[in-house]
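Open the model in your viewer and keep the selection panel at hand. The stops below go from the whole chain to single residues.

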Amino acid sequence: MDNVRDTFKEVAAAILPVTTVVILLQLIFIRIPFEALIQFLVGVAFVSVGFFLFLLGVNAGLLPIGEMIGRKLPSTKNVGLIIATGFLLGLVVTIAEPDVRILAKQIDQTSEGTVSATILIWSVSLGLAIFVALAMIRTIFRIPLHYLLIGGYTLVFLLSFFVPKDFIAISFDAGGVTTGPMAVPFILALGIGVASVLRLETENSGEKFGLIGLASIGPILAVMLLGVLFR
């Protein structure tokens, strides 16, 4: 019951400020048609209910199962299996990520089908999956995070000289949308689970984190490489 109450408060804190600002703008400045305002309020109601149910599902299912998988994997003592699992989970949760699908659809429409939504979704998903696998390698072998971040963003910077300008903008948007409500809870819980079993918390609790920041480089590079192909 406490979980339901806390989730309700979290949803209210996220939705009410936006709703209030839009209504105030409507009353003072914008004066959009009344029908559009009603549609907005209906949308807010649906989003609130959906967000509430989603967060309940995350707390009840996604986070626990992600951490359980992360804790179970190291007991196999199979490095290849841990890395492959990170890759596979990174792939499937990104394909299911709503933010990625919205971005892909809008790019498909804007480019008039030149860059299809399917190609973009798979490119972004593969990019994130590869870097989640890399994050698993970093956790297992205790590679300092800043080495990988510096290397990754150096590669992004160098590649930007060979990529069309439109794809540079799209690539950084792709890196942002992959850190959405589907991917973050599951991948972060997986990384924390693996790190906890490897007893990294006895040395540095911060080693459990940084996975999402590292993984978000993958979609940026993937879309940039896609831009080189479309050049």
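**Setting up**

This is a predicted model, in which local features need pLDDT of at least 70, side-chain atom pairs count only at pLDDT 80 or more, and totals for chains, interfaces and linings use all residues. Residues are numbered from 1 along each chain as its sequence is written, and side-chain values use heavy atoms, with hydrogens and water left out.

**Whole chain**

Select everything and colour by secondary structure. The chain has ten helices and zero strands; here helices (H or I, at least four residues) and strands (E, at least two) are DSSP runs numbered from the N terminus. Along the principal axes, the C-alpha atoms fill a box of roughly 60 × 55 × 25 Å. Of the 231 residues, 39% count as buried; buried means under 20% relative accessible area, exposed over 50%, and partly exposed in between, with a 1.4 Å probe and protein chains only. The chain exposes about 12,800 Å², and carbon and sulfur atoms supply 71% of that area, which comes from the Shrake-Rupley method with a 1.4 Å probe. Contact means heavy atoms within 4.5 Å. Among contacts with a separation of 6 or more, 83% join residues 24 or more positions apart.

**Helix 5 against helix 10**

Next select residues 117-141 (helix 5) and 217-230 (helix 10), whose axes come within 7 Å and cross at roughly 135°. Axes are lines fitted to C-alpha atoms, for helices over the stretch in contact, and angles run from 0 to 180 degrees between N-to-C directions. Helix 5 and helix 10 are therefore oblique to each other: angles under 35 degrees count as roughly parallel, over 145 as roughly antiparallel, 65 to 115 as roughly perpendicular and the rest as oblique.

Show side chains at the contact. Residues of helix 5, including Ile119, Val124 and Phe131, meet residues of helix 10, among them Pro219, Ala222 and Leu226. By class, this contact of helix 5 with helix 10 has eleven nonpolar, three polar and no charged residues. Ala, Val, Leu, Ile, Met, Phe, Trp, Tyr, Cys and Pro count as nonpolar, Asp, Glu, Lys and Arg as charged, and the others, Gly among them, as polar.

Zoom to Ser123 in helix 5. At 16% relative accessibility, Ser123 counts as buried. Not counting residues up to four places away in sequence, Ser123 touches Ala222 and Leu226.

**Helix 6 against helix 10**

The residues of the contact of helix 6 with helix 10 divide into eleven nonpolar, one polar and no charged.

**Leu190**

Move to Leu190 in helix 8 (residues 183-197). Leu190 counts as buried at 1% relative accessibility. Its C-alpha atom is separated by 4.7 Å from that of Gly66, 124 residues apart along the chain. Beyond four places in sequence, residues touched by Leu190 include Gly66, Ile69, Leu73 and Leu89.

Most residues other than glycine have a negative phi. Which value does phi of Glu112 have? Phi of Glu112 is near 55°. Glu112 sits in the loop between helix 4 (98-110) and helix 5 and is exposed, with a relative accessible area of 74%.

Last, select Arg142 in the loop between helix 5 and helix 6. Arg142 has a positive phi of about 55° and counts as partly exposed at 41% relative accessibility.
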